[in-house]
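Q: I would like a close look at one part of this model, with the whole chain as the setting. Here are the sequence and the structure.
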Amino acid sequence: MISVNEAKHLISQHLVTLNPISVDLAKASGHILADNVYAKYDIPAFNQSSMDGYALKFADHQKVLSLIGEMAAGTATNITIQNGETSRIFTGAPLPEGADTVVMQEKITRIDEKITLQDPNLKPGLNVRDKGSEIKAGAVAMEKGDFLSPAAIGFLAGIGINEVRVYPVPKISIIVTGKELQQPGKVLEFGQVYESNSYSLSAALKQEGIEQIAVYEADDDLEILKKALQTAIESSDVVLLTGGVSVGDYDFVIEAASHCSIKQIFHKVKQKPGKPLFFGTKDRKLIFGLPGNPSSVLSCYYNYVLPAIKALSHQSNSVIEMQARLTHTYSKPLGLTHFLKGKYENGLVTPLHAQESYRLSSFAQANCLICLDETKEHFKEGDIQTVLILPG
Ligand SMILES: Nc1nc2c(c(=O)[nH]1)N[C@H]1C(S)=C(S)[C@@H](COP(=O)(O)OP(=O)(O)OC[C@H]3O[C@@H](n4cnc5c(N)ncnc54)[C@H](O)[C@@H]3O)O[C@H]1N2
Ligand code: MOO
């Protein structure tokens, strides 16, 4: 059996970033840019007023000015002001030809068409957004590797970009195994358990902006599982199986993986929960066999699957590793790394109740996993441990 670190290292060695695609800007939020984006135009595209007021030549600011026209935002034709003239202007409107400064309307006196300024702080160019002051045509607007946040999307739209090249988010298939599984909402017959793994995994994936998720149910039937796995490999970048990776007579995942020519990279990790974790590859596709217990599924997801999925899209891990002080003493046997459901706050971390891998009640309250090393047995109150902060 390999250690947690060895397992993480082996996965990292098999990650190949997905090929970039072009997408509409409106669909690019949350992606990473695969190419530099260059500005096509000077933005603003014209000298623009940043205030409602009057446009003038600064050299005229001590004169009584004659009002000769108006420029509103969206005005399609320009006007020209001569010496001693001014024009009404509104926020966002182009400056009239000849004007270089705008005075706010609160800082003038107007008698009929005559304007006198009372702005001791007026400077040349005040209240004017210069043409190209946001960005110049040809300049790099954003760089390859930049994250497309909502602000970045707005920025690129604002400079006229409508399509970008990004690293795609992977397509995911989830295959749940087990003939005991019943859908939530239906009556639970004797021996049945409610199917929850596809729900928790889909929710976790959607939280990362992954929408292309297919769910298959494979019962405990080897033939059904082989077919589902084959379809899943062909139609997705990452396959997540849950259950059926242990040593029971109905645990068919390893056999189905071998039948589908999946190359086994490892099976079983020195950890709790999630000891029977399987990882394999086929071409560039990643196949994770997650041990069926609901808590094992999520613990393995945050430790292995999520970092891998993020790396495929060139994204940084959304599970943040931190150090925290234990609020309680905790003991465990030697030999396995334990991941405890915990509550982290202000540098302190508390292990929650219900750590068993079939239970999710404490996971539902947890905001972190506490990592307790395989080589240690006793952990004292105040000891500093690594915690994995779960995406909120
Ligand atoms: N003799 C041994 N038995 C077991 C070992 C072992 O080393 N030797 N390992 C145990 C550990 S640790 C784990 S974890 C489980 C993993 O087993 P499988 O991956 O084969 O999972 P299943 O047996 O199919 O299911 C385990 C458990 O989880 C429930 N389950 C499965 N799928 C779902 C689902 N989609 N939603 C909700 N619950 C699900 C299933 O009913 C079982 O209770 O093996 C131990 N056994
Ligand atoms: O390693 Mo298992 O996930 O504890 O039941």
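How many helices and how many strands are there in the chain? After that, please zoom in on the hairpin of β8 and β9.

A: Happy to! This is a predicted model, in which local features need pLDDT of at least 70 and side-chain atom pairs count only at pLDDT 80 or more, while totals for chains, interfaces and linings use all residues. Residues are numbered from 1 along each chain as its sequence is written, and chains are lettered from A and ligands numbered from 1 in the order in which they are written.

The chain holds six helices and 28 strands, counted as DSSP runs from the N terminus (H or I over at least four residues for helices, E over at least two for strands). Its radius of gyration is 31 Å, well over the 21 Å that the globule rule gives for 392 residues, so the chain is more spread out than a compact globule. That radius is taken over C-alpha atoms, and the rule is 2.2 Å times the number of residues to the power 0.38. Along the principal axes, the C-alpha trace spans about 95 × 50 × 45 Å.

An automatic or database assignment divides the chain into domain 1 (4–19 + 169–312), domain 2 (21–42 + 134–166), domain 3 (48–129) and domain 4 (320–386). Over C-alpha atoms, the centres of domain 2 and domain 4 are 41 Å apart.

Now to your hairpin. Strand β8 (residues 108–111) runs antiparallel to strand β9 (residues 114–117), and four bridges join them; two strands count as paired if DSSP finds at least two bridges between them. Two residues lie between the strands, and D112 takes a positive phi near 55°.

What sheet does the hairpin belong to? The strands sit in an open sheet of six with mixed pairing, in the order β7-β4-β6-β5-β9-β8. Its edges are β7 (101–104) and β8, each of which pairs on one side only. On average, neighbouring strands here are turned by 40° against each other, direction ignored; the axes are lines fitted to C-alpha atoms, with angles between N-to-C directions running from 0 to 180 degrees. As background, strands of a sheet pair through backbone hydrogen bonds, either parallel or antiparallel.
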